[in-house]
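Visitor: I'm new to this one. Walk me through it, starting with a single residue.

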Amino acid sequence: MGLLLFYAAATLTLFAAFGVVATRNIVHAALFLLAALAGVAGLFVLLYAEFLALVQLLIYGGAVTIVILFALMLTRSGEYEGETETRRRPFAALAAAGLFGLMAAVFVADSHQFNTNTRQPVPFDTLARDLFADWAVPFEIASLVLLVALIGAVVIGRAGREEDETFPDTDGSESASEPVRRGSRRRAERRQRGS
């Protein structure tokens with residue numbers, strides 16, 4: 001029964017991870033990411049690591065996915081419409097293959113450590129010591145990186161809106177030199193291309 005559940009969780013994780021990189025819709029990619037993280041949480045449950053499964057769902061499945069969605073929604077995609085995706089795909093495939101090869105080599109090199117048939121839960125005191133003593137600095141660095149990414153997305157998103165806003169003169173008269181509305185022009189061009 002445990003082996004069947006492992007194959008089900010592994011299949012869900014693999015197919016959802018493939019869906020993240022294969023879909024073009026950002027919201028669908030986020031939902032696939034959430035399903036992949038849920039599959040990883042299922043694998044943690046099978047390894048008797050219930051705390052890590054809960055953290056996987058709450059922190060990664062909830063908070064990190066929402067932060068990624070906010071960062072993607074706040075960035076302007078109109079600046080990158082001219083770039084073609086075909087030029088970037090070989091580099092992305094090469095990077096993915098290199099990362100997969102590195103992870104597979106590390107797994108094969110350390111496989112003798114994981115060749116066991118007994119599963120035992122991790123004591124909470126060991127987990128707490130590792131989490132808050134040995135790995136406290138990397139977790140704080142990761143949280144700072146996510147915070148910087150969100151602030152950068154807000155700054156980039158607000159820069160476009162400030163260019164679009166035009167305010168009327170205080171005296172009520174219209175000035176001869178009307179400001180150029182770059183963002184409005186871009187939106188009108190996109191609407192014409194879509195129709």
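**Helices, contacts and confidence**

Guide: G19 is found in helix α1, where helices (H or I, at least four residues) and strands (E, at least two) are DSSP runs, numbered from the N terminus. This is a predicted model, in which local features need pLDDT of at least 70, side-chain atom pairs count only at pLDDT 80 or more, and totals for chains, interfaces and linings use all residues. Residues are numbered from 1 along each chain as its sequence is written, and side-chain values use heavy atoms, without hydrogens and water.

Visitor: Is G19 buried or exposed?

Guide: G19 counts as buried, because its relative accessibility is 9%. Buried means under 20% relative accessible area, exposed over 50%, and partly exposed in between (1.4 Å probe, protein chains only).

Visitor: And what about F18?

Guide: F18 also has its place in helix α1, but F18 is exposed, because its relative accessible area is 58%. The C-alpha atoms of F18 and A29 are separated by 9.6 Å, and the two residues are eleven apart along the chain. For G19 and L31, twelve residues apart along the chain, the C-alpha separation is 9.2 Å.

Visitor: Stepping back, how many helices and strands are there?

Guide: The chain has seven helices and zero strands. From the N terminus on, its elements run α-α-α-α-α-α-α. Of its 195 residues, 13% count as buried.

Visitor: How do α1 and α2 cross?

Guide: The axes of α1 (residues 2-22) and α2 (residues 26-46) come within 8 Å and cross at roughly 155°. So α1 is roughly antiparallel to α2. The axes are lines fitted to C-alpha atoms, for helices over the stretch in contact, with angles from 0 to 180 degrees between N-to-C directions; under 35 degrees counts as roughly parallel, over 145 as roughly antiparallel, 65 to 115 as roughly perpendicular and the rest as oblique.

Visitor: Which residues meet there?

Guide: From α1, the list includes L5, F6, L12 and G19. Across from them in α2, the residues include A29, F32, L33 and L46. Contact means heavy atoms within 4.5 Å. By class, the contact of α1 with α2 has 16 nonpolar, five polar and no charged residues. Ala, Val, Leu, Ile, Met, Phe, Trp, Tyr, Cys and Pro count as nonpolar, Asp, Glu, Lys and Arg as charged, and the others, Gly among them, as polar.

Visitor: Now Q56. What is it in contact with?

Guide: Q56 is found in helix α3 (residues 50-74). Leaving aside neighbours within four places in sequence, Q56 is in contact with L37, V40, A41, F44 and G61. Q56 is buried, because its relative accessible area is 9%.

Visitor: Where does G62 lie?

Guide: G62 lies in helix α3. G62 is partly exposed, because its relative accessible area is 23%. G62 and L34 are 28 residues apart in sequence and 8.0 Å apart in space, C-alpha to C-alpha. Among contacts in the chain between residues at least 6 apart in sequence, 60% join residues at least 24 apart.

Visitor: Last topic: where is confidence lowest, and where highest?

Guide: Confidence is lowest in helix α7 (residues 182-194), with a mean of 64, and highest in α1, at 91. The score is pLDDT, the predictor's confidence in each residue, from 0 to 100. The chain has a mean pLDDT of 77, and 72% of its residues reach 70 or more.

Visitor: What happens over residues 173-180?

Guide: Over residues 173-180, pLDDT stays under 50, and the model has three contacts for them beyond four places in sequence.
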